[in-house]
Amino acid sequence: MFDYVWLIPVFPAIGVLINGFLGKRIEKFNKSIVHWVACGAVGLSFLVTCIIFFQMLGLEPEHRFYEFTCFNWISGGVLQTYVAYQIDPLSMLMCMFVTGVGFLIHVYSIGYMAHDEGRYYRFFTYLNLFMFSMINLILANNFLLMFLGWEGVGMCSYLLIGFWFSEEANAVAGKKAFITNRVGDFFFIVGMLVLFCGLGEHGVWSFQFSRVFPNVHLLSPNTVTLVCLLFFAGCTAKSAQIPLYIWLPDAMAGPTPVSALIHAATMVTSGVYMVARSNILYSLSPFAMGVVAVVGALTALFAASIGLAQNDIKKVLAYSTVSQLGYMFLGLGVGAYAAGMFHVLTHSFFKALLFMGAGSVIHAMSGEQDMRLMGGLRKKTPITFITMFIATLAIAGIPGLSGFFSKDEILWQAYSSPHGHFLLWLTGAVAAGMTAFYMFRLIFMTFYNENRAPEDVQHHIHESPKAMTVPLMVLAVLSVIGGYLGVPHALGGSNRFHKFLDPVMGMGPDKIFQKAAGGSLHHVAEGSHVAAHHPSLFMEYLLMAVSVAIALIGIYIAYVMYVKKRDLPEKLAEKFRLLHRMLFNKWYVDELYTLVIIRPFHGISNFFWKIIDVIMIDGMVNGVARVVGWGSSVLRLIQSGYVQCYAVSIIFGTVALLVYYFLKIAG
Amino acid sequence: MDMLEFVVPELDFRAILPQIILAITALTVLLTGVFSREKKGPAIGFLSLAGVALSFSAVVFSGSQTVSSFSGMLTNDSFARFISMIVCVVALLTILISINYRKISPAINSGEYYCLLLFAALGMMFMGSAGNLLMVFVALETMSISIYALAGFQKQREKSIESALKYFLLGAFASGFLLYGFALVYGATGTMDIVKIGRFLNDHPLVVHSPLLLGGVALMTVGFGFKVAMFPFHMWTPDVYEGAPTSVTAFMATGVKAAAFAALIRVFYVALGSLQVDMTQIMWVIALLTMTVGNVVAIAQSNIKRMLAYSSIAHAGYLLVGFVAGGELAISGMLFYLLGYAFMNLGAFGVIALLAKKDGEYTELSDFAGLGFKYPAMGLVMAVFMFSMAGIPPTAGFMGKFYIFTAAINSGFIWLAIFGVINSVISIYYYLRVIVTMYFKEPEQDIVMLTPTGAIILALVIAAAGVLFMGILPSSVLDIARNSTTLIM
């Protein structure tokens, strides 16, 4: 009944073809056709997604699964892979907000990129190509097609980070993102192959989710752990976790709509999506889950701490994104897959809004990104201010806004789930306090006090055009109400979000153990289930109150430091000089990587180049060339052009064949 | 007495409808050429094009039955139909190239040219469906004689004449071996029918190792080996490819190879299946030498047509790897490869044909310097063809090699597959040199491309699209090829 699902990826693909091949001419003829095509394509995708989504809601939860095969893609030996799409609550949820938020950002780009003459079409081509890849990643019903999308979004990310490639820094940032992601992709590929071969040993040769996941219990525990860790290593690059997060802050070199779309709302969450998609696999490996949770929690804290001392408005948001992604992985790692996905959803609203707001600010400030040179924009750009303020409240976890519900659920699960731990909760809570601090620091530095920009910039400060402000307002509304999809039971809600994802996450930790161990463990698991999920309602309220209190304290400190006593930050920086410099310089991680990885790598490359390549390989190649030269001079004698010689060659060949066959008879 | 019995052969004209269409078109074109006053326009070309298209659709819509007709002279199975399709594609693209090439070489814009072309295609089709050794020979000669004449079509160019003469002399020489081989096999088995030979050898294992039969097999190998440019019967290839008009070279390199391989596969698998084990060793060596000689000597070539000639020898070597491997997977891989090779080779020659001019052609590699920037679209498609020949994804060349080498590994010929891959690496050198010359070398002279007509653009687009389609969505074609491996046994 969902046979038209292929329309979702096809619309952006058509957009790519039109703008990619004809864009240059169209732009010369009439610029607005370019963005009408691009936005229209994504808008139509969104529309189809909505139709399918609501059609699916009309079905019973257990029937919300459908696979549509477009065509046979690769077949070779035991491998049969199809281009096929899967419709279930998880994929449709992702698809809804990716196409929806994507559409808003496309519209926003019309305003933001308006001054980019001559490359306008290229920008929209890349954006559409990104949407096409992202949709394939989400809707794929097998790992291989998912990987195609995974690589596709990586490539678009590279192209868009380096969009203004005439400046070297941007090109370098693009390369850094690409190379870092290649490292992760490598692990993803290896993980896929290990899974494929591992299941193949049990006769299941397939990449298809609906064939892989019901059979993962056939795998040995070590294989499962290995696959999970390899997949997660892939995620650390794509979703910017320790240790491969380093590319994301640099990726801010791209145009701001790109930062909002790719590096905040959609692409970077694909790692979370992948883990959530593979939840059955992870549930079988408590060790891998532990790794995911710890890495997530540490990333959340670590990135938040760097965010405290950044002055570039986009850099703050970048580290904030890394930190929030850490939360999502924390949620996944403690088995709260739905909570992780919930945060993906709410985060996509308020973080896209924050980036687009930052873009609007940068637009108003004639390209300035340093917050020390901003201030007082509250009056001149009221819409940007209000919408960004709402998003900041949401990300800070103020009760009633979307971020509160999702973040609080993750923190609660980090404490209460059977995979959770008090330290995980504490790390998350501290990071939440830091988040509240640096986000309000951003608001205060940008919108309050007097403007510190040079005279000529001050004259140009203006509110952005409608194409930019309308998407901001839409997202602001979503940032407020988005959380009510998943109000927890403790606050009198029914957590519809959880129930919605249940068919996909149905194989949660407890159920899978039941299935794997048969009846014997059944009662034990059931018992721990009850015990784990209801330690006490009081505890839940208490932790909620503590995390809100931490957030409020963070906000208050920011208020004191950046509005009331504005000489305080400098004094503190004097006093805690070392700490400040560590934070300001991002814990010197980039320098560390240069020292530990890049330099030795250069050294090895130099060795390979000068010794292996120049002496050995070139020597071999030159040697071969000499042999070939000698050979061809000999052959040229035979290849004389005389027909007689050629005939003689045929005779020789005939004799050789005859001799061979007669020897066969003799032998 | 058997000999007095006269059997009226059952005539199933529907089984040869595609061939009939081609024959009628050929004659029509010939007469049109004689009687029409207008000698310069592309009308004749388009007329032949229509005939081939009609024939193609007759192949496509001829159903999927497996029958033998004309008393076993012809076998209409899915294998034959696949070969017919390749032949139609080859003829189609060749005609499109020729329509443009007439500007360089007005001689080819004549009824005779297209008539010969169509008769050659007719012969190729029959080679794919021949069920009797005599039929194989007749079809082979129909094809060959047409092509001898086509090679010498530029009567005012010495090289063209030389090419035709060499091809004719050596071709006749090789045909003699083939015919002698057929005679010996007939002597050993008492029949010319391919299926019956196979059955006879199955029932009489002693005959399999008789000198009569093995001598016949050796001589047949020579005859077919000559047509597919197998080492050491390949010597004619560079001279003939270089001298012949470029459109004819393209036709030869792809069509003849496909048809000859089709006949080779049918005769050696169906009739001589019992000898498979005995042939393996020598064919293994020949496959290796064919690949290696083709690739190594290609490196030393400065003329692009000669280079492609050696490259075509190398590709014959890859196909022979599939031949050695045997089995369904290998046959489907070879069919896939033949189609992909047709697209990329015709495309490459199509580009070369675009660069030619009246007094001599631009066929030196150095002539390509800087053309990638001067003619971006042309440079791009040429790069696609070169990447495909080198076997770089996502192109037909990559997938074809992948399937063939996989088949070799599955049949236990791991070393042959390894040598095949090493050879592909060697070949990258000279294929990429074309791309490097196009994009990274400064032009030495000012080369002006012919204004491309719609026909050649269409040909290049079809070829490039075919190469990429087979590379990106190989399954769609491979599935057809897989269903085309059922030979009448």
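Where in chain B is the place of B:Ala229? The loop between α9 and α10 holds B:Ala229. Helices (H or I, at least four residues) and strands (E, at least two) are DSSP runs, numbered from the N terminus. The model is predicted: local features need pLDDT of at least 70, side-chain atom pairs count only at pLDDT 80 or more, and totals for chains, interfaces and linings use all residues. Residues are numbered from 1 along each chain as its sequence is written, chains are lettered from A and ligands numbered from 1 in the order in which they are written, and side-chain values use heavy atoms, with hydrogens and water left out.

**View 1. The α9–α10 loop of chain B.** B:Ala229 is not a glycine, yet its phi is positive, about 65°. B:Ala229 is buried, at a relative accessible area of 1%. Buried means under 20% relative accessible area, exposed over 50%, partly exposed in between (1.4 Å probe, protein chains only). B:Pro232 also sits in this loop, between α9 (211-228) and α10 (236-243). The peptide bond joining B:Phe231 and B:Pro232 is cis, with omega about -5°. Most residues other than glycine have a negative phi, and most peptide bonds are trans.

**View 2. The β1–β2 loop of chain B.** B:Ser71 lies between β1 (67-69) and β2 (74-76). Its phi is positive, near 55°. B:Ser71 counts as partly exposed because its relative accessibility is 45%.

**View 3. A cis bond in chain A.** A:Ile242 and A:Pro243 are linked by a cis peptide bond; omega is near 5°. A:Pro243 belongs to the loop between α8 (221-238) and α9 (247-250).

**View 4. Chain B as the setting for views 1 and 2.** Chain B has 20 helices and 2 strands. Its radius of gyration is 22 Å, close to the 23 Å from the globule rule for 489 residues, so chain B is as compact as a globular protein of that length. That radius is taken over C-alpha atoms; the globule rule is 2.2 Å times the number of residues to the power 0.38. Of the 489 residues, 65% are buried. The C-alpha atoms fill a box of roughly 75 × 55 × 40 Å along the principal axes.

View 5. Chain A contains 29 helices and 2 strands. Buried residues are 55% of the 667. The C-alpha trace spans about 100 × 75 × 50 Å along its principal axes.
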